Amino acid sequence: MIVLKQGMIHDAIHEEPYTGDILIHEGKIKKIAPVLEGKAVNEAQVIDVAGKHVYPGFVEAHCHLGLDGYAVGFEGRDYNEATDSLTPQLSAIDGINPQDPTFEMALRAGVTCVATGPGSANVLGGTFVAIKTKGKRIDDMIVREKVAMKCAFGENPKRCYQDKDNCSRMTTASKLRIMLEKTRDYMEKTEAAGENILKRPAYDPKLEAMIPVLRGELPLKAHAHQANDIFTAIRIAKEYEIGLTIDHCTDGALIAEELAAEGYPVAVGPTFGHAGKVELKNKSFETAGILDAAGCQVSIITDSPVIQQQYLPLCAGLAVKHGMDPFKALQAITIQAARHIGVEDRVGSIEEDKDADFVITDGDPLISDTKVLMVLVDGEVAVTLE
């Protein structure tokens, strides 16, 4: 057992921080109180965090961590399958390399949980996984094995597959609809066959992978920057009554009221750097704040390696500088990000019974000169930087 003693707790649920003790046992938050006393506390390892700030581990709702290596060139890039625009059968866990240095970089900055996966170019890219950033073996790092089915709209599918089978936005939408129709037909035939193996359709790994999407068990995770692509994603989600999150949402400020009315979660970013293609021309650090003010559920993302994973809190800080409410910006890299990927029961806030993931700092982590002093993952000290 461990007790974090008398830190200033920023739980990402209540806007005002408070001083208290946190009891950790078997990787979970067991008790939070102004002062903890008794046998359990007396037997615990005490970490004195008086005068320091305790935050939940930061959460990234959309990246490719571990699927694009650090200083490895093309050989280390595993996040896009270039031979086929439709690869829903791919699973992130089969490509992630936890030994890549980017994991340590993320951890030292307090990013303790990420949703990472394949596909920014594919119409359907495969399933994202939610993992902790601490560990040597992916099987032991999983928070939730399948959090979403990645799909992509706009320039990327057009550019990457124009010489194969996809050269327009209309084709992208059509290919996605065809896969959904085929999956529905496949499901109906399988269900009608019952236990009669001879009547079942031939096994199709792509359609099998899409079944959880049509059943509402797995949302589409839509790469969509431009407003028309965002609305196409929403249109298809409504047609098939399936779940959807909108990731990147670069044009979000242009359609904020419409997005708030629709109610789909949005993840904004990456926002650093030059607008390297047409659909990024409206990217701005103001976007997250505008969407939040309109009433959207907003996450802030790095899309690492586009922006290095360790700069996730800095991206939230720049959103604050450009008008976003500071508490909402903190939530955008904690509890709202966890909700975006469906793991809010485990991570994203400091609450009893959740995973004991913490970032201990000497100040506001959204300010660039604040230092991370310690990071705990699943109740164990993962990084000490004092």
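**Helix α5.** I started with helix α5, which covers residues 205–214. I looked up which of its residues are buried: Leu207, Ala209, Met210, Ile211, Val213 and Leu214. I kept in mind that this is a predicted model.

**Packing partners.** Next I asked what the buried residues of α5 pack against. Two helices came up, α4 (169–193) and α6 (227–240). Three strands did too: β8 (124–132), β9 (142–152) and β10 (220–224).

**The ends of α5.** At the start of α5 I checked Asp204. One of its side-chain oxygens comes to within 3.0 Å of the backbone nitrogen of Lys206. Then I looked just past the helix. Gly216 has a positive phi there, about 80°.

**The whole chain.** I stepped back and counted elements. The chain holds 11 helices and 16 strands. Its C-alpha trace spans about 65 × 50 × 40 Å along the principal axes. I also checked the radius of gyration. A compact globule of 386 residues would have one near 21 Å, and the chain has 21 Å, so the two agree.

**Burial and contacts.** I noted that 56% of the 386 residues count as buried. I then took contacts between residues at least 6 apart in sequence; 68% of these join residues at least 24 apart.

**Surface and charge.** The accessible surface comes to about 16400 Å². Carbon and sulfur atoms account for 49% of that surface. Last, I looked at charges. The chain has 40 positive and 57 negative ones, and their mean positions lie 4 Å apart.

Notes:
Residues numbered from 1 in each chain as written. Predicted model: local features only at pLDDT ≥ 70, side-chain atom pairs only at ≥ 80, totals over all residues. Heavy atoms only, no water. Helix = DSSP H or I, 4+ residues; strand = E, 2+ residues; numbered from the N terminus. Rg over C-alpha atoms; globule rule 2.2 N^0.38 Å. Buried < 20%, exposed > 50% of the residue type's maximum accessible area, 1.4 Å probe, protein only. Contact = heavy atoms within 4.5 Å. Areas by Shrake-Rupley, 256 points an atom, 1.4 Å probe, with all protein chains shown as cover. Lys, Arg positive; Asp, Glu negative; His and termini not counted. Charge placed at Lys NZ, Arg CZ, Asp CG, Glu CD. Polar contact = N/O pair within 3.5 Å; in protein donor to acceptor, adjacent residues only side chain to side chain.
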